[in-house]
Amino acid sequence: MSKSNQENSGKKFPLRLVLIVGGVLGVIGLLLYLSSPKSSVKSSATSGIPSLDSLVGNPAPSMQLTDKDGKAYSPDNLRGKNIILFFNEGIMCYPACWNQVAALGADPKLNTEDTVAFSVVVDRPEQWQQAMTKMPGLSKATLLFDQGATVSRELGLLALPSSMHKGSIPGHTYIVLDKEGVVRYVYDDPNMANNNAKLIQKIAELNK
């Protein structure tokens with residue numbers, strides 16, 4: 001072999017070695033990534049509805065809702081707790097919404113030291129005081145009032161598949177926030193079903 005050929009061979013061999021080693025390391029890295037367990041707390045469940053999915057994985061938008069006594073609640077002052085928000089049609093949706101609101105408020109697995117569940121309506125507080133007389137089980141629910149549907153509108157909840165009064169009243173939409181105030185789960189339910197079991201599962205995933 002000539003001297004020039006020996007020099008060229010010496011230059012090409014390290015380059016090939018670098019490419020081979022780099023390729024092997026890349027494959028190993030990809031396999032490790034794909035096989036590594038994913039944290040349930042950091043995962044986000046999407047709904048397939050663009051306006052809702054844009055919320056998932058991000059800190060909750062700034063919002064403030066009040067209870068019947070005027071006490072204000074927001075993701076900021078509830079930091080450290082998982083938050084369930086059930087936006088629904090409210091007083092006019094009898095008995096479906098009433099049953100859902102009562103079931104959410106009465107479930108001990110969704111109302112704990114580290115988890116709070118709220119039903120959000122656009123009605124007036126006095127309307128629900130009357131409803132509680134008709135259905136005493138509602139008294140266990142924590143109702144928050146979205147006057148003028150301001151928060152519902154900002155979150156894009158007035159034109160979803162479950163919305164029967166589009167543009168004015170939310171339908172049946174659940175939003176779950178983790179203890180850092182990040183939206184981890186959204187679900188819009190046109191079937192108006194009791195979704196406590198699904199919510200319990202999502203909260204359990206967040207608490208792992």
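User: In this predicted model, which residues is aspartate 146 in contact with, leaving aside its neighbours within four places in sequence?

Analyst: Aspartate 146 is in contact with Leu65, Val120, Val121, Val122, Val151 and Ser152 once those neighbours are left out. The residue sits in the loop between strand 5 and helix 5 (150–154).

User: Is aspartate 146 buried or exposed, and what is the nearest side chain of opposite charge?

Analyst: Start with the general idea: side chains of opposite charge can pair when their charged atoms come close. Aspartate 146 is buried but has no salt bridge. The nearest side chain of opposite charge belongs to arginine 153, and that is 7.3 Å away.

User: With which side chain does aspartate 146 make a polar contact?

Analyst: With that of serine 152, at 2.7 Å. Serine 152 is also among the residues listed above as touching aspartate 146.

User: How many salt bridges does the structure have?

Analyst: The count is six. Three of them can be read one by one.

Glutamate 126 and arginine 124 are joined through their side chains, with 2.9 Å from N to O. Glutamate 126 is partly exposed, at 40% relative accessibility, and arginine 124 is partly exposed too, at 45%.

Aspartate 178 and arginine 184 form another salt bridge, at 3.0 Å from N to O. Here aspartate 178 is buried, with 3% relative accessible area, and arginine 184 is buried at 10%.

User: Where do lysine 202 and glutamate 205 lie, and how are they spaced?

Analyst: Both are in helix 6, and because they are three residues apart there, about one helical turn separates them. Lysine 202 counts as buried, since its relative accessible area is 17% and the cut-off is under 20%.

User: How should I read the nonpolar residues, and which have the most contacts inside the largest core?

Analyst: In soluble globular proteins, nonpolar side chains tend to be buried together. The largest nonpolar core in this model has 25 residues, and Ile84, Trp128, Leu138 and Leu199 have the most contacts inside it. Elements giving two or more residues to this core include strand 3 (82–88), strand 4 (115–121), helix 4 (125–134) and helix 6 (196–206). Helix 3 gives the most, with four residues.

User: Which residues does leucine 138 touch, not counting those up to four places away in sequence?

Analyst: Leucine 138 touches Trp98, Val101, Ala102, Trp128, Ala131 and Met132. There is also a second, separate core of 24 residues, and Leu55, Leu144, Ile175 and Val183 are among its members.

User: How many of the residues of helix 3 are buried?

Analyst: Eight of its 11 residues are buried, so helix 3 is largely enclosed by the rest of the structure. The buried ones are Cys97, Trp98, Gln100, Val101, Ala102, Ala103, Leu104 and Gly105. Their cover includes strand 3, strand 4, helix 4, strand 5, strand 6 and helix 6.

User: How many disulfides does the structure hold?

Analyst: The general idea is that a disulfide is a covalent bond between the sulfur atoms of two cysteines. The structure holds zero disulfides. As for individual cysteines, cysteine 93 is buried at 8% relative accessibility, and cysteine 97 is buried at 0%.

User: Where is asparagine 195, and what does it touch?

Analyst: Asparagine 195 is in the loop between strand 7 (183–188) and helix 6. It is buried, with a relative accessible area of 7%. Apart from residues up to four places away in sequence, asparagine 195 touches Tyr174, Tyr187 and Asp189. Its side chain and that of tyrosine 174 are joined by a polar contact of 3.5 Å.

User: And where is tyrosine 73 found?

Analyst: Tyrosine 73 is in strand 2 (residues 72–73), and at 15% relative accessibility this residue counts as buried. With residues up to four places away set aside, tyrosine 73 touches Met63, Gln64, Leu65, Asp67, Leu78, Phe118 and Leu144. Methionine 63 is 10 residues from tyrosine 73 along the chain, and their C-alpha atoms are 8.4 Å apart.

Notes. Residues numbered from 1 in each chain as written. Predicted model: local features only at pLDDT ≥ 70, side-chain atom pairs only at ≥ 80, totals over all residues. Heavy atoms only, no water. Core = buried A, V, L, I, M, F, W, Y, C linked by side-chain atoms within 4.5 Å. Buried < 20%, exposed > 50% of the residue type's maximum accessible area, 1.4 Å probe, protein only. Contact = heavy atoms within 4.5 Å. Disulfide = S-S within 2.5 Å. Salt bridge = Lys/Arg side-chain N within 4 Å of Asp/Glu carboxyl O. Lys, Arg positive; Asp, Glu negative; His and termini not counted. Polar contact = N/O pair within 3.5 Å; in protein donor to acceptor, adjacent residues only side chain to side chain.
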